[in-house]
Amino acid sequence: MADRRTEQELCRVVEAYSATLLRVAMTRVPSPADAEDVVQDVFLRLVIHAPRFRDGEHEKAWLLRTTLNRASDLRRSRRDDATLEEAAQAAEEAPDYTPLLSAVRSLPEAYSAVIHLYYYEGYSIKEIARLLALPVPTVGTRLARGRERLRSILKEEEA
């Protein structure tokens, strides 16, 4: 019976968070297939490590942090295999990417993560700070600097 409950619980988590985790992963890795691999790996880690969560917010925070960390690991490991230009080109060729999302993806990881969580997922600065285990002022600074970089990227694309 315990296996059945675990399977049902895993199905609930997958249904509840798959889309969000996929969107987060897609901001960090060069292709949709890589993003899917990241999300699958996160769910596998959930099964293997079976962490205990205080509540739903703690569960979601763990999933998001693990997704961001795993995507960063994958991105670092792939730097030797492909140049950043190739990754950017693959992102622009993907059908679901808008110019804005491509610009967000081109930002350094520290900025793209907070921008994605703030604008695409709707988290407040305090919630992002809690999710990423960062001080609130750091999240605010990264958000402001990320916006500035986005403005300059988008202005360059217009010119």
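A residue is called buried when its relative accessible area is under 20%, exposed when that area is over 50%, and partly exposed in between, using a 1.4 Å probe and protein chains only. By that definition Arg142, with a relative accessible area of 25%, is partly exposed.

Good morning. Before I continue, a word on the source. This is a predicted model, in which local features need pLDDT of at least 70 and side-chain atom pairs count only at pLDDT 80 or more, while totals for chains, interfaces and linings use all residues. Residues are numbered from 1 along each chain as its sequence is written, and side-chain values use heavy atoms, with hydrogens and water left out.

I turn to the overall fold. The protein has eight helices and zero strands; here helices are DSSP runs of H or I with at least four residues, strands are runs of E with at least two, and both are numbered from the N terminus. Along the sequence the pattern reads α-α-α-α-α-α-α-α. Of the 159 residues, 36% count as buried. Contact, in this talk, means heavy atoms within 4.5 Å. Among contacts between residues at least 6 apart in sequence, 67% join residues at least 24 apart.

Let us return to Arg142, which belongs to helix α8. Which residues does Arg142 touch, not counting those up to four places away in sequence? They are Ala110, Tyr111, Val114 and Leu134. The C-alpha atoms of Arg142 and Ile115 are separated by 8.3 Å, although the two residues are 27 apart along the chain.

Next, the partners of helix α8. Axes are lines fitted to C-alpha atoms, for helices over the stretch in contact, and angles run from 0 to 180 degrees between N-to-C directions. Helix α7, residues 125-132, and helix α8, residues 136-158, have axes that come within 8 Å and cross at roughly 110°. The two helices are therefore roughly perpendicular to each other. For reference, angles under 35 degrees count as roughly parallel, over 145 as roughly antiparallel, 65 to 115 as roughly perpendicular, and the rest as oblique. On the α7 side the contact is made by Ile125, Lys126, Ile128 and Ala129, and on the α8 side by Val136, Val139, Gly140 and Leu143. By class, these are six nonpolar, one polar and one charged residues. The classes are as follows: Ala, Val, Leu, Ile, Met, Phe, Trp, Tyr, Cys and Pro are nonpolar, Asp, Glu, Lys and Arg are charged, and the others, Gly among them, are polar.

Helix α5, residues 99-106, also packs with α8, at an angle of about 125° and with the axes 10 Å apart. That makes α5 oblique to α8. Pro99, Leu100, Ala103, Val104 and Ser106 of α5 meet Leu150, Ile153, Leu154 and Glu157 of α8. This contact divides into seven nonpolar, one polar and one charged residues.

Finally, helix α6, residues 109-120, where His116 is found. Is His116 buried or exposed? At 2% relative accessibility, His116 counts as buried. Leaving aside residues up to four places away in sequence, His116 touches Arg23, Val24, Thr27 and Glu121. His116 and Leu101 lie 15 residues apart in sequence and 8.9 Å apart in space, C-alpha to C-alpha.

Thank you for your attention.
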